Amino acid sequence: LSVLTVCSLSIAAARPQRVTVIESPQKARNIMLVIDASNSMSAEDFPTSFGYASRMEGVKRAVSEYVRSRKGDRLGIVVFGETGYLQCPLTTDTSMVESLVLSLYPRMAGDGTAIGDGLGLALKRLRNVEGDSKAVILMTDGVNTAGRVGPLKAAKVAKELGIQVNTIGIGTRSAPMGGVGMGG
């Protein structure tokens, strides 16, 4: 009886636990959203059910909906105009990412369109991130008119790093500008 008591106390002291491992059905993706915030994003040619909105308003609506659908993925934002800058590092906080997307406006990064700088900055942020699934979604309405890095050079770097780049063109060739001044 004393041996049984000692064994029972030993087992109780070890605090056995049942561990249930739940694996995620898919691995999280690392996605950098690279968004054009140049002056031309104020052009009003984005079709809506109420007429036309600015390109930036259209991008904000579409990206906001996309962000809400990416639960479990890590998202970040790079904004570019005359230059590129990091708006949000990679995070799983989709409500914060959505809030930052909704706060974007044309010319917040200058008048020009530095596509290569924006893409290059996103690649720099993804380069050392662990995981196999790394992608950039680049949204722009124009051609590269500014910056230090050319878009083709940045695309070549993306290929070397194995980072997928998806490009979305926004707007039409000519549209009324809703903002002040002209720019790319």
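**Reading the fold and its helix pairs**

Guide: The chain exposes about 11000 Å², and carbon and sulfur atoms supply 55% of it; the areas come from the Shrake-Rupley method with a 1.4 Å probe, and for residues only the protein chains shown count as cover. This is a predicted model, where local features need pLDDT of at least 70, side-chain atom pairs count only at pLDDT 80 or more, and totals for chains, interfaces and linings use all residues. Residues are numbered from 1 along each chain as its sequence is written, and side-chain values use heavy atoms, leaving out hydrogens and water.

Visitor: How many helices and strands are there in the chain?
Guide: Helices (H or I, at least four residues) and strands (E, at least two) are DSSP runs, numbered from the N terminus. Here there are five helices and seven strands, in the pattern α-β-β-β-α-β-β-α-α-β-α-β along the sequence.

Visitor: How do I read a pair of packed helices?
Guide: Two packed helices are described by the angle between their axes and the distance between the axes. Axes are lines fitted to C-alpha atoms, for helices over the stretch in contact, and angles run from 0 to 180 degrees between N-to-C directions. Helix H2 (residues 55–68) and helix H3 (residues 94–102) have axes that come within 9 Å and cross at roughly 175°. H2 and H3 are therefore roughly antiparallel (over 145 degrees; under 35 counts as roughly parallel, 65 to 115 as roughly perpendicular and the rest as oblique).

Visitor: Which residues of H2 meet H3?
Guide: Contact means heavy atoms within 4.5 Å. Lys-60, Val-63, Ser-64, Val-67 and Arg-68 in H2 meet Thr-94, Val-97, Glu-98, Val-101 and Leu-102 in H3.

Visitor: At what angle do H4 and H5 cross?
Guide: The axes of H4 (residues 115–127) and H5 (residues 151–161) cross at roughly 20° and come within 8 Å, so H4 and H5 are roughly parallel to each other. Among the residues making this contact are Leu-119 and Leu-123 of H4, and Ala-154 and Ala-158 of H5.

Visitor: Is Ile-77 buried or exposed?
Guide: Buried means under 20% relative accessible area, exposed over 50%, partly exposed in between (1.4 Å probe, protein chains only). Ile-77 is buried, with a relative accessible area of 0%, and lies in strand E4 (residues 74–80). Leaving aside neighbours within four places in sequence, the contacts of Ile-77 include Met-32, Leu-86 and Val-97. Val-97 also belongs to the H3 side of the contact with H2. Over the chain, 38% of the 184 residues count as buried.
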